[in-house]
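Dear colleague,

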Amino acid sequence: MKNASNIEDRKPIWIALSEFYLDTELQESDFRHIAFKIIESPYTFDEVREINRYEVFPVLQPNLLSVAGEWAGFDEEWLVKSITDSLANRNTLKKLEIESSYLTYKWMSKDKWEKLEKTYKQVKSNPG
């Protein structure tokens, strides 16, 4: 992940997935936007799930637990820096903490992932 081109490939995915962590209700257009970002990326849907789990989730999940969570959108510069800093500071203990936290809170985005997968398959089979 230290490769700069890898970061550039991931940035649009990080930014698109950050919508899952806003204190708002996503619309059909939001799911289509995220689906298109995945299709435009060099990653499969399953790889994007992993990017979410290990890169986006650890940084943004706390927003969903906040009483006054962010709803307008995350600053892209802050988001990229926070994720790259998080990745740079990983150790075995932090990885275990992420795994535990993900198992505890993945239910919060389960419906969104199901909706996104359905939308992704529709858009992929019929991009128009």
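This is a predicted model: local features need pLDDT of at least 70, side-chain atom pairs count only at pLDDT 80 or more; totals for chains, interfaces and linings use all residues.

Residues are numbered from 1 along each chain as its sequence is written, and side-chain values use heavy atoms, with hydrogens and water left out.

Aromatic contacts

A search of the whole structure finds six aromatic pairs. Rings of Phe, Tyr and Trp (its six-membered ring) are paired if their centres lie within 6.5 Å; planes under 30 degrees apart are stacked, those over 60 are edge-to-face, and the rest are tilted.

One of the pairs is formed by Phe45 and Trp113, which is edge-to-face because the planes stand at 80°, with the ring centres 5.7 Å apart. This pair links distant parts of the chain, as Phe45 belongs to helix α3 (residues 45-65) and Trp113 to helix α6 (residues 110-125), 68 residues apart. Helices here are DSSP runs (H or I, at least four residues), numbered from the N terminus. Phe45 is buried at 7% relative accessibility, and Trp113 is buried at 4%. The classes are buried for under 20% relative accessible area, exposed for over 50%, and partly exposed in between (1.4 Å probe, protein chains only).

Phe57 and Tyr102 form another pair, with ring centres 5.1 Å apart and planes at 80°, so this pair is also edge-to-face. Phe57 lies in helix α3 and Tyr102 in helix α5 (residues 92-105), so that distant parts of the chain, 45 residues apart, are linked.

Over the face of Phe31 lies Lys115, at 6.0 Å from the ring centre. For such a contact, NZ of Lys or CZ of Arg must be within 6 Å of the ring centre and within 35 degrees of the ring normal.

Charged contacts

The structure holds ten salt bridges, each being a side-chain nitrogen of Lys or Arg within 4 Å of a carboxyl oxygen of Asp or Glu.

Among them is the bridge between Arg49 and Glu117, at 3.1 Å from N to O. Since Arg49 is in helix α3 and Glu117 in helix α6, the bridge ties together parts that are 68 residues apart in sequence. Arg49 is partly exposed at 27% relative accessibility, and Glu117 is partly exposed at 25%.

Two further bridges lie within single helices. Lys37 and Glu40 meet at 3.8 Å, N to O; both are in helix α2 (residues 28-40), three residues apart, about one turn of the helix. Lys37 is partly exposed at 27% relative accessibility, whereas Glu40 is exposed at 57%. Lys81 and Asp85 form a bridge whose closest N and O atoms are 2.6 Å apart. These two residues are separated by about one helical turn because they are four residues apart in helix α4 (residues 76-88). Asp85 is partly exposed, at 32% relative accessibility.

With kind regards
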